[in-house]
Amino acid sequence: MELHSLKDSFDRVAKKRKVSYSKTHEVTDLIVQEINKAIKVMQSSTLEYKSELAELKKKLQEVSPLNQLEGAQKKLNIALIKYPKALEKVFNRDISKAYQNIEFDSPIVNQIIASHFYRQGLFEVGDCFIAEAQDAEAAVAMRSLFQELYQMLEAMKSQNLEPALKWAAANSNKLKENGSDLQLRIHHLQFVKILQKGSRDEALKYARTNFASFAGNHMAEIQKLMGCLLYSDRLHESPYAHLLSPTNWDTVTDELTRQFCNLLGQSYESPLSATIAAGIQGLPPLLKFMTVMAGQKHEWQSMKQLPVPVELDKEFQFHSVFVCPVTKEQSTDDNLPMLMSCGHVLCKQSINKMSKNGSKTFKCPYCPTDIDLTQCRQLIF
């Protein structure tokens with residue numbers, strides 16, 4: 001990728017600068033050393049200073065500081081001259097030839113930008129943008145929603161899990177539908193937090209109150225937590241010391257954010273961030289192609305499809321529609337795609353038909369796995 005060559009150019013400049021800096025210090029220290037020696041001699045001698053100054057001049061000429069610095073500085077200057085050219089080559093200032101002349105829906109664009117600020121927790125910036133844009137009122141509704149999320153995240157930074165526990169309890173059914181064990185993870189952190197304080201009886205009471213409903217699907221994890229009770233006074237030296245790792249909090253924070261966005265029907269990543277990141281990746285090859293097209297005097301503005309592919313990483317490849325491989329029909333709100341236990345996807349109507357409305361299991365059309373309707377999960381496209 002072209003950015004790698006730019007980084008190499010920057011690294012060369014940094015290396016040459018470091019060499020020049022070291023050489024300058026080395027020569028300067030040598031000059032200072034010779035001057036200090038001459039001063040000491042002159043202070044302890046009754047002879048005239050002229051002879052000592054002449055000797056100092058002779059030694060400085062032998063050091064030849066300008067000649068020593070000239071080579072390193074020359075190499076640094078050459079690297080500095082080449083670097084702006086590398087910048088101009090990679091970051092083409094004129095990108096107008098790489099996009100088609102289309103009119104953007106300004107209210108939608110403003111809403112996306114304002115929503116991005118709220119997603120990042122930049123509420124004052126978002127409010128300021130809305131006030132100046134004057135047409136992003138639809139984003140205001142998202143402010144209160146994401147404000148709730150960031151109140152939970154801020155509380156978790158001080159290890160206060162109460163807001164997150166209340167939200168998870170209020171949305172427990174939806175979390176189960178999504179196959180998320182977020183609620184148990186939060187209880188897990190709270191249990192360990194109580195145990196860290198040395199309150200074994202309080203931790204056991206908390207476990208009895210909150211873990212029972214998860215025993216059916218998460219017994220192994222609950223048993224592991226119960227084992228911690230034996231080491232309540234030395235948990236950091238026990239086989240369960242990994243449960244004290246701060247990464248556990250980071251994992252739950254990420255999962256909370258992901259599930260919160262999911263229940264809102266929003267993507268985990270900001271659409272604006274994903275769009276800009278994809279554009280940065282796709283723009284360099286697109287500019288190259290447009291330069292070739294312009295040289296051959298071809299007009300691409302009217303093309304519906306580019307004659308060459310612009311490769312993007314998998315994280316930027318999305319499918320906004322789904323076509324059922326059985327019926328060959330596009331999914332709808334009444335016929336949503338369903339993820340089967342084997343990992344393959346069919347539309348809901350196809351699964352209902354093959355399972356006789358859930359009355360029996362059926363074979364996946366792609367693999368020999370037996371599929372049970374109750375194990376299928378609805379996907380949101």
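## A quick tour, salt bridges and beyond

Start by selecting Arg 143 and Asp 127: their side chains meet in a salt bridge, with N to O at 2.8 Å. Colour the two helices while you're there. Arg 143 sits in helix 6 (residues 140-157) and Asp 127 in helix 5 (residues 123-133), so this pair ties together parts 16 residues apart in sequence. Asp 127 is partly exposed, at 30% relative accessible area. Keep in mind that you're looking at a predicted model.

Hop to helix 1 and pick Asp 11 and Lys 7. This salt bridge has its closest N and O atoms 3.1 Å apart. The two residues are four apart in helix 1, which means about one helical turn separates them. Asp 11 counts as partly exposed, with 33% relative accessibility.

Stay on helix 1, which spans residues 2-44, and slide to Leu 3. Leu 3 itself is partly exposed, at 35%.

Next, select residues 324-367, which an unreviewed UniProt entry annotates as "domain: RING-Gid-type". The chain here is 16% helix and 18% strand, and the C-alpha atoms at the ends lie 16 Å apart.

Last stop: Lys 363 and Asp 370, another salt bridge, with 3.2 Å between the closest N and O atoms. Both partners are partly exposed: Lys 363 has a relative accessible area of 49%, and Asp 370 comes in at 48%.

Notes
Residues are numbered from 1 along each chain as its sequence is written. This is a predicted model: local features need pLDDT of at least 70, side-chain atom pairs count only at pLDDT 80 or more; totals for chains, interfaces and linings use all residues. Side-chain values use heavy atoms; hydrogens and water are left out. Buried means under 20% relative accessible area, exposed over 50%, partly exposed in between (1.4 Å probe, protein chains only). UniProt positions are given in the numbering used here, feature names are shortened, and annotations may be inferred rather than shown by experiment. A salt bridge is a side-chain nitrogen of Lys or Arg within 4 Å of a carboxyl oxygen of Asp or Glu.
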